[in-house]
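Hi everyone, thanks for coming. Please have a look at the structure on the screen, and then I'll walk you through a few of its parts.

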Amino acid sequence: RADILIGADGRNSIVARKTCEIYKSRTSEQADRVGVQWHTKHYPAIGSGVEMFLFDSGYCGVVNLESGLANIALVTVPEVAQLATRDFAAFLSKTVFSNRSARECLEDVHPSGRVLTAAPITPASHRSSHPCAFLVGDARQTVEPFTGEGILFAFQDAYSTASSLSGHYG
């Protein structure tokens, strides 16, 4: 028993599983999206920034690495992700090259090594159904882990929750 319970125990949160209705009603894990990642040639025009491109079935980000390569991290629907290892040209056509700006910026975007896929991404912002339990950061699953957004959002989430609680429970 506790007056307040804050679940900050990560992506596989025990607190979320015990206090969220989404876990109690979930019958199967249906993947909305899958991550696909590969290294390709360095793109001087990108510099040290990150380029993001949207397309009908998802989005991708490109960042240059110190090794002289660029990393491409892409999120798309499972059917399209499967093409990445079977027919890379068709995969590019349905994803990166379907965006005119990406097509112009990312010439010769072919992998310099293996194409990797991530576990299915099924984000759903978890909210505790218990009035005194709160979830923050990865326990709440407000961002996809594949795109590397996590720690800043977790800190902002924790700060926001603390501020809210100090007003209610001061």
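A few ground rules. This is a predicted model, where local features need pLDDT of at least 70, side-chain atom pairs count only at pLDDT 80 or more, and totals for chains, interfaces and linings use all residues. Residues are numbered from 1 along each chain as its sequence is written, and side-chain values use heavy atoms, with hydrogens and water left out.

Let's begin with the cores. In soluble globular proteins, nonpolar side chains tend to be buried together. By nonpolar core I mean a set of buried Ala, Val, Leu, Ile, Met, Phe, Trp, Tyr and Cys residues joined through side-chain atoms within 4.5 Å. Buried is under 20% relative accessible area, exposed is over 50%, and partly exposed is in between, using a 1.4 Å probe and protein chains only.

The largest nonpolar core has 24 residues, and the ones touching the most other members are Val36, Trp38, Val62, Leu74, Phe91 and Leu106. Among the elements giving two or more residues to this core are strand 2 (33-41), strand 5 (69-76), helix 3 (78-86) and helix 4 (88-94). Helices (H or I, at least four residues) and strands (E, at least two) are DSSP runs, numbered from the N terminus. Which element gives the largest share of this core? Helix 3 does, with 4 residues. Another core, of 5 residues, lies apart from it and includes Val15 and Leu135.

Now, helix 3 itself. Its buried residues are Pro78, Val80, Ala81, Leu83 and Ala84. Strand 2, strand 5 and helix 4 are among what covers them.

Next, find asparagine 99, in the loop between helix 4 and helix 5 (100-105). Asparagine 99 counts as buried because its relative accessibility is 16%. Its side chain reaches two backbone nitrogens: that of serine 101 at 2.9 Å, and that of alanine 102, also at 2.9 Å. Not counting residues up to four places away in sequence, asparagine 99 touches Phe53 and Leu54, where contact means heavy atoms within 4.5 Å.

Last, the cysteines. How many disulfides does the structure hold? It holds 0, a disulfide being a pair of cysteine sulfur atoms within 2.5 Å. For cysteine 60, the nearest cysteine sulfur is that of cysteine 105, 9.4 Å away. Is cysteine 60 buried or exposed? Cysteine 60 counts as buried, at 0% relative accessibility, while cysteine 105 is partly exposed, with a relative accessible area of 27%.

Key. Polar contact = N/O pair within 3.5 Å; in protein donor to acceptor, adjacent residues only side chain to side chain.
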